[in-house]
Amino acid sequence: MTKKFTPILLGSDINVYGMARSFHEAYGIKVEVWAGSPLAATKYSKIVDVKIYPGFSEDPEFMNVMKKKIEEYKNHEEPVILIACGDGYAELLAKHKAELSEAFIVPYIEYDLLKKLISKEGFYEYAEKYGLPYPGTKIITMDEYKAGNYLTIPFNYPVELKPEDPVSWLDCQFEGRKKTFTLKSEAELKDIVTKIYTHGYKADLILQDFIPGDDSHMRVLNAYVDKNHKVKMMCLGHPLLEDPTPQSIGNYMAILPEFNQDLYDQVQSFLEKINYTGMANFDIKYDERDGKFKFFEINLRQGRSSFYVTMNNCNLARWYIDDYVEDDLANRETVYANKNNNDHVLWLGVPKKIFTEYAVDNEAKHEATSLIEAGKYGTTVFYEHDRSFMRMLLMKYMFHNYIGRFKKYFEVNKGQYFEKK
């Protein structure tokens, strides 16, 4: 029998709902969520109890709230584990890990390592040192922008431009803002860099060689590393479609499970060499020019689409509990997921008709279509044990909205690089 425990999730988006559902599927429990603001994914849910604390997503209000929580929970009769469901919360937990550990289990890396890895520049330094391939990269600084000497680049157009600091990027708003930009000319590069640096963003920008290929060239890999810094689970996903909406570009909308031992070995070696702890999520793209998988970034928590891991027999919640509550991961063999094709389940973040219409026609899509026809697919938010009328109405409305978003944005943001729809 599992020992008693209390999980607390930080955040209120689809990532939170995926983790809450994982806990509910594994243990049948309702999960408490602490957040700075409400979002639709957890609204009207019977499996989460959301408590809103305005300003909670940033210091100093985060620690103002947490100091009270430490007093409330420091003598709690069962272990209480904090799980971040966003970059900002992962950073806050690592930053205040020592103080929070007075009352909570905080399964995150030390703050110094987090600051290196959450920075794309820092991640690429580690990737270079420990043998993870990554795209050709140039750093643009605010000083270089002011001096006007950033336009000479070491690769050809098109190029990818993205913020180095994803947390401060949230506060930079302007018309045409995207999660990442694909730029086809020097004039476009100059225009976007100017908009970024005149709208409050001060950190560096990452300019990269554009790896050709549609969304199905992407891969996503989730790994769990135990408190002894040993990788205990890896689950690879093959995205087939991404969200084309400007503020959400890069968010996966369909993930097919995949097995690749070479990628697993690369990632396991990297995480163990840097003494990682907790959940990690990698974005990767296959470069057909040299036959290599190139690593874009590491997210220091599970991602918004990571429920595909739970759907494919590696329940996201169990790893934390088996590690920190049951204390029985140390002698377990590493799980390399998705070896058996017969067990594969397709994850969808959009209606089936969107996937059918917009995903590029290839062998992976045919496999995914077969899974749909066999009923071996699912979503994060539609859960049979959380089907109140109001929730189902809201979730169906959210899913229906993707039809208009794809019609409006797919061609302009995706269609120019591969088969047009």
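Me: In this predicted model, how many of the twelve residues of strand β10 (residues 231–242) are buried?
Reply: The model is a predicted one, and in it strand β10, which covers residues 231–242, is mostly covered. A residue counts as buried when its relative accessible area is under 20%. By that criterion the number of buried residues in β10 is twelve of twelve.

Me: Which strand pairs with β10 in the parallel sense?
Reply: Strand β11 (residues 252–258) pairs with β10 over six bridges in the antiparallel sense, and there G237 stands opposite P257. A parallel pairing, over two bridges, involves a strand made of residues 335–336, where V335 stands opposite M233. The parallel partner of β10 is β14.

Me: How many residues does the largest nonpolar core have?
Reply: The residues with the most contacts inside this core are F104, L271 and F282, and helix α1 (residues 14–27) gives the most to it, with eight residues. L271 touches A223, V225, V231, Y276, A280, F282 and I298, when residues up to four places away in sequence are not counted. The largest core itself has 104 residues.

Me: Why does the salt bridge between E32 and K51 tie together parts that are apart in sequence, and by how many residues?
Reply: The closest N and O atoms of E32 and K51 are 3.5 Å apart, and this salt bridge belongs to a structure in which a search finds 21. E32 is buried at a relative accessible area of 17%, whereas K51 is partly exposed at 32%. Because E32 lies in strand β2 (residues 31–35) and K51 in strand β3 (residues 48–52), the parts that the pair ties together are apart in sequence by 19 residues.

Me: Which helices hold E91 and K115?
Reply: E91 and K115 form a salt bridge whose closest N and O atoms are 3.2 Å apart. E91 is buried, with a relative accessible area of 15%, while K115 counts as partly exposed at 39%. The pair ties together parts that are 24 residues apart in sequence, because E91 lies in residues 87–95 and K115 in residues 111–118, that is, in helices α3 and α5.

Me: What radius of gyration does the protein chain have, beside the value for a compact globule?
Reply: The chain has 15 helices and 16 strands, and its C-alpha trace spans about 60 × 50 × 45 Å along the principal axes. Of its 421 residues, 58% count as buried, and residues 24 or more positions apart account for 70% of the contacts with a separation of 6 or more. A compact globule with 421 residues would have a radius of gyration near 22 Å, and the value for this chain, which agrees, is 21 Å.

Definitions and conventions. Residues numbered from 1 in each chain as written. Predicted model: local features only at pLDDT ≥ 70, side-chain atom pairs only at ≥ 80, totals over all residues. Heavy atoms only, no water. Salt bridge = Lys/Arg side-chain N within 4 Å of Asp/Glu carboxyl O. Helix = DSSP H or I, 4+ residues; strand = E, 2+ residues; numbered from the N terminus. Buried < 20%, exposed > 50% of the residue type's maximum accessible area, 1.4 Å probe, protein only. Core = buried A, V, L, I, M, F, W, Y, C linked by side-chain atoms within 4.5 Å. Contact = heavy atoms within 4.5 Å. Rg over C-alpha atoms; globule rule 2.2 N^0.38 Å. Pairing = 2+ DSSP bridges.
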